[in-house]
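Hello,

Here is the structure you are taking over. Please look at it first, then read the notes below.

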Amino acid sequence: MTFVKNSALNMIGYLFPALIAFPSFGYISRSLGAERFGMFLLFISILGYSGIFDGGITRAVIRDIAIYRFDENEKKNVIATSTISIFVLSCSCSFILMLFSGLLSSWLNVSVELSEEFHSAIVILLLNAPLALVNQVWLSILEGEEKFKLVNIQKTIIGILLVVFPVVFISWKPSLYYAIIGLLIGRSVSLIISYTLLRTVILSSGLSFNKKTFSRLVRFGGWITLSNFIGPIMVYFDRFLISNVLGGSSVAYYSAPAELVSRMSIIPQAISRVIFPRLSCFLDATEKGIYLRQIYIYTFCLCLLVVIPVFFYADIIMNVWMGGDYIGRPVLVLKILLVGYFMNAMAQIPYSTIQAEGKSRLTAIIHTVELLPYILCLYILVKDYGIVGAAIVWSLRAGIDCVVLFYFSIKLTTKCNY
């Protein structure tokens, strides 16, 4: 079955970096201390949030490459136009964010001792964004063509570099600044490797900007941008709010189990990336229905097999991985987040189904409606229950999101109007 093969390849692309990340993060935590390690994890979250800079174009590229896979001229238009657009957008946004780095430091309640180091590190961090996003667009070309073997060779290399280089630089000098320098070097090497893999198609596409192609990418991607803006808020905002309300050191005790859950997302992410280009070019409704039922069963069983042992051995895992300081509330946080993880994993299927139908507007509206209640509940429970309250709200939001997305995806696949 092609789906199983491709999803397995995707999981391998995430798995090896994750296996290296666990001991690496344990070393970084012990080397930097609680506050610096908390800021390091926040910076990784910021880099993940840089996806909003792409205007939804990355997702649109995957869909367009899948649709126009036999039209070489249009494929070249998509590649050239998206590369130029992403580079300009990401550089502009990074420059603007650098101007407001002082406000971020104040809002995150960074200690006086760490303030100067924080400002230097955030500048280096924002240099990562253009490299990361151009790289992501180029990998999207391979995803649209369902060349998952090449995609995951590169993803494996990227993931390993992004955890190894910070460790190397911290070994030399244990500081937040040098950890972020390591990320920048890793991103630079990753971009060079991606260019090497795709050099022929990138060079043949040239640097011509096609307005018609750009308009089509933006029409689909514009709503993706809204989802990309709101989605990471609901995934990462808990960490930033904890820093603001409880202080930087508390972030580490929440972010460590949250990072473990995030690394476990290799399963739903791998599946989502396989089914999106395939669903984008499906024509037969009956065949699509059978395909989706198989995906739901496969995802449910696979995620359950992962969640159950981690849940029951959470205390041992946290102790071995991060040390004795992470026993107690961090273990409870991990168990609560695992419930949300399972719901979020299942939600990736209806999310991809809706967007593959070209209804990116719908997912954007759903996330917009969810945002304000989520932030309000998060603030209240963090103040009253600390990091445990944050975990409860995150998991509840993931469950509600799963139910809503599933409802609308069913309406779409049965060709009901809404």
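The axes of helices α3 and α6 come within 8 Å and cross at roughly 30 degrees. Axes here are lines fitted to C-alpha atoms, for helices over the stretch in contact, and the angles run from 0 to 180 degrees between N-to-C directions. That angle makes α3 roughly parallel to α6 (under 35 degrees counts as roughly parallel, over 145 as roughly antiparallel, 65 to 115 as roughly perpendicular and the rest as oblique). The crossing is right-handed, meaning that the near helix is turned clockwise from the far one by less than a right angle. On the α3 side the contact (heavy atoms within 4.5 Å) is made by Thr58, Val61, Ile62, Ile65 and Ala66; on the α6 side the residues are Gln136, Val137, Ser140, Ile141, Glu143 and Gly144. By class, this contact of α3 with α6 has six nonpolar, four polar and one charged residues. Ala, Val, Leu, Ile, Met, Phe, Trp, Tyr, Cys and Pro count as nonpolar, Asp, Glu, Lys and Arg as charged, and the others, Gly among them, as polar.

The model is predicted, so local features need pLDDT of at least 70 and side-chain atom pairs count only at pLDDT 80 or more, while totals for chains, interfaces and linings use all residues. Residues are numbered from 1 along each chain as its sequence is written, and side-chain values use heavy atoms, with hydrogens and water left out. Helices (H or I, at least four residues) are DSSP runs, numbered from the N terminus.

Buried means under 20% relative accessible area, exposed over 50%, partly exposed in between (1.4 Å probe, protein chains only). Among the buried residues are Arg59, Arg63 and Asp64.

Helix α6 (residues 112–144) also meets α4 (residues 72–99): their axes come within 9 Å and cross at roughly 165 degrees. That makes α4 roughly antiparallel to α6. The residues of this contact divide into 16 nonpolar, four polar and no charged.

Last, the cysteines. The structure holds zero disulfides (pairs of cysteine sulfur atoms within 2.5 Å). The sulfur of Cys301 is 9.6 Å from the closest cysteine sulfur, in Cys303, too far for a bond. Cys301 is partly exposed, with a relative accessible area of 42%, whereas Cys402 is buried, at 10%.

Regards

Terms used: Helix = DSSP H or I, 4+ residues; strand = E, 2+ residues; numbered from the N terminus.
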